[in-house]
Amino acid sequence: MANALIEELKWRGLIYQQTDEAAIEELLNKEEVKIYCGADPTADSLHIGHLLPYLTLRRFQEAGHRPIVLVGGGTGMIGDPSGKSEERVLQTEEQVEKNVLGLQNQMHKLFDFDMDNGPILVNNKDWLGQISLIEFLRDYGKHVGVNYMLGKDSIQSRLEHGISYTEFTYTILQAIDFGHLNREFGCKMQIGGSDQWGNITSGIELMRRMYGTNDVYGLTIPLVTKADGKKFGKSESGAVWLDAEKTSPYEFYQFWINTSDEDVIKFLKYFTFLSQEEIAEFEVSVAEEPHLRKAQKALAENVTAFIHGQEALEEAQRISQALFSGDLKSLSSKEIKAGFKDVPQVTLSNDTTNIVDALVETKISSSKRQAREDVQNGAIYINGERQTDLAYTLSSEDKYDDAFTIIRRGKKKYFMVNYQ
């Protein structure tokens, strides 16, 4: 009998590889399964490139299974060679511990800890840190063949440019994790991105050799790609983080709402919990009325609310609407800063107050003659309001937090004017 969850995951395009499809379906049909997914704390926040495996694990939770969420305080000290062309720079123990706390806090956004099958949150440093070098070599290393490891894509891809013994042993550490979680919690399945296939199968093989365990499985999720070939998860200002201090909810919302028509239905399937029927309606809308961008709005609303909450979503929408209409008066200084984080920053002397002189000093206009033309032609806006008076003087009323002013030239050229 087909498993409804697996069928749903297939429809959403979320299954890339399975170690034993028939056995996984049978297992999921007959019992609550403990399933784990892990991330190394390479930073103190996850970014949206990490989201898909965890959202998939959340789907398992909502289907009645129990997630084990691992933050790799131990493996994070080593570095996963998967998907990397060169050695990682090792972080200090203090930095790794700080990062672990950051990631553990974010897991509360991704999972429902109040459900009866709420996640088990673990840190692999708790057991990997207890293994001595002799134990590692005798108890684990003896069961892992070098030829077997050389056959892993994550290691093969690094041989030409070189790989340290440290990163070479990473797959054994992750294999130990799977074995520990199986024996400690009865974990029978690991999921991860497609780049984790080698690490997942290493865990299964190690358990088979060490304990004779055969009823453990792995499933991987495809790498998220964009139709234009560009890397998913990057905006103009860099990675899109889940931490609101690194990527504001407004920037986060803007990333999703700018999704192309070619990608939006796939991303609705990947990143939202909307039903098949709802997504089918958006698919029709993309085909018949793409200018309304209903699918993009639904994607941005659902993912932003899920990660940052309804209040942050409403703030992001308010900033977006104000910037679209040019009505900046409705925004707070905090919202202005969020909305104009990436616009050109210019500096103006506090002594310069005439609008023409200010435009020239900040190089918003190329000359006094051009500045006068810009003002008289109605091309200059101070904090969203058109200014056509050549004698206009900037005052404290034009400053947000007594620190900056937003000047717009033409339809879209915004500048944040800071004072010195």
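**Entry 1: ground rules**

My helices (H or I, at least four residues) and strands (E, at least two) are DSSP runs, numbered from the N terminus. I am looking at a predicted model, where local features need pLDDT of at least 70 and side-chain atom pairs count only at pLDDT 80 or more, while totals for chains, interfaces and linings use all residues. Residues are numbered from 1 along each chain as its sequence is written, and side-chain values use heavy atoms, with hydrogens and water left out.

**Entry 2: helix α15**

I checked the span of α15, which covers residues 294-308. The expected span of a helix is 1.5 Å times one less than its number of residues. For the 15 residues of α15 that gives 21 Å, and the end C-alpha atoms are 21 Å apart, which agrees.

Next I asked which residues of α15 are buried. Buried means under 20% relative accessible area, exposed means over 50%, and partly exposed is in between (1.4 Å probe, protein chains only). The buried ones include Ala 295, Leu 299, Val 303 and Ile 307; Gln 296, Thr 304 and His 308 are buried too. What covers them? I found α3 (51-62), α4 (93-110), α12 (249-257), α13 (261-271), α14 (276-288) and α16 (310-325) among the covering elements.

I also looked at both ends of α15. Arg 293 sits in the loop between α14 and α15. It has a positive phi of about 50 degrees although it is not a glycine. Arg 293 counts as partly exposed because its relative accessible area is 29%. Just after α15, Gly 309 has a positive phi of about 95 degrees.

**Entry 3: the listed binding site**

I read in an unreviewed UniProt entry that Tyr 36, Tyr 170 and Gln 174 are listed for "binding site". I note that UniProt positions are given in the numbering used here, that feature names are shortened, and that annotations may be inferred rather than shown by experiment.

Are they buried or exposed? Tyr 170 counts as buried because its relative accessibility is 3%, and Gln 174 counts as buried at 6%.

Leaving out residues up to four places away in sequence, I see Tyr 170 touching Asp 40, Thr 75, Ile 78, Gly 79, Asp 80, Pro 81 and Asn 199. With neighbours within four places again left aside, Gln 174 is in contact with Tyr 36, Gln 190, Gln 196, Asn 199 and Ile 200. I like that Tyr 36 from the UniProt list turns up among the contacts of Gln 174.

The side chains of Tyr 170 and Asp 40 are joined by a polar contact of 2.6 Å. A polar contact is a pair of N or O atoms within 3.5 Å; within protein, one must be able to donate a hydrogen and the other to accept it, and residues adjacent in sequence count only if both atoms are side-chain atoms.

**Entry 4: two sheets**

Strands of a sheet pair through backbone hydrogen bonds, either parallel or antiparallel. Two strands pair here if DSSP finds at least two bridges between them.

The open sheet of six strands has the order β1-β6-β5-β2-β3-β4, with mixed pairing. β1 (17-18) and β4 (120-123) stand at its edges, each with a single partner strand, so one side of each has no neighbour in the sheet. Two bridges join β1 to β6 (residues 217-221), and this pair runs antiparallel.

The open sheet of five strands has the order β9-β13-β12-β10-β11, also with mixed pairing. Its edges are β9 (345-348) and β11 (385-386); each has a single partner strand, so one side of each is left without a neighbour in the sheet. Four bridges join β9 to β13 (residues 413-419), and they run parallel. Val 346 stands opposite Val 417 in β13.

**Entry 5: a loop residue**

Last, I visited Asn 383 in the loop between β10 (380-382) and β11. It is not a glycine, yet its phi is positive, about 50 degrees. Asn 383 counts as buried because its relative accessibility is 3%.

Key
Contact = heavy atoms within 4.5 Å.
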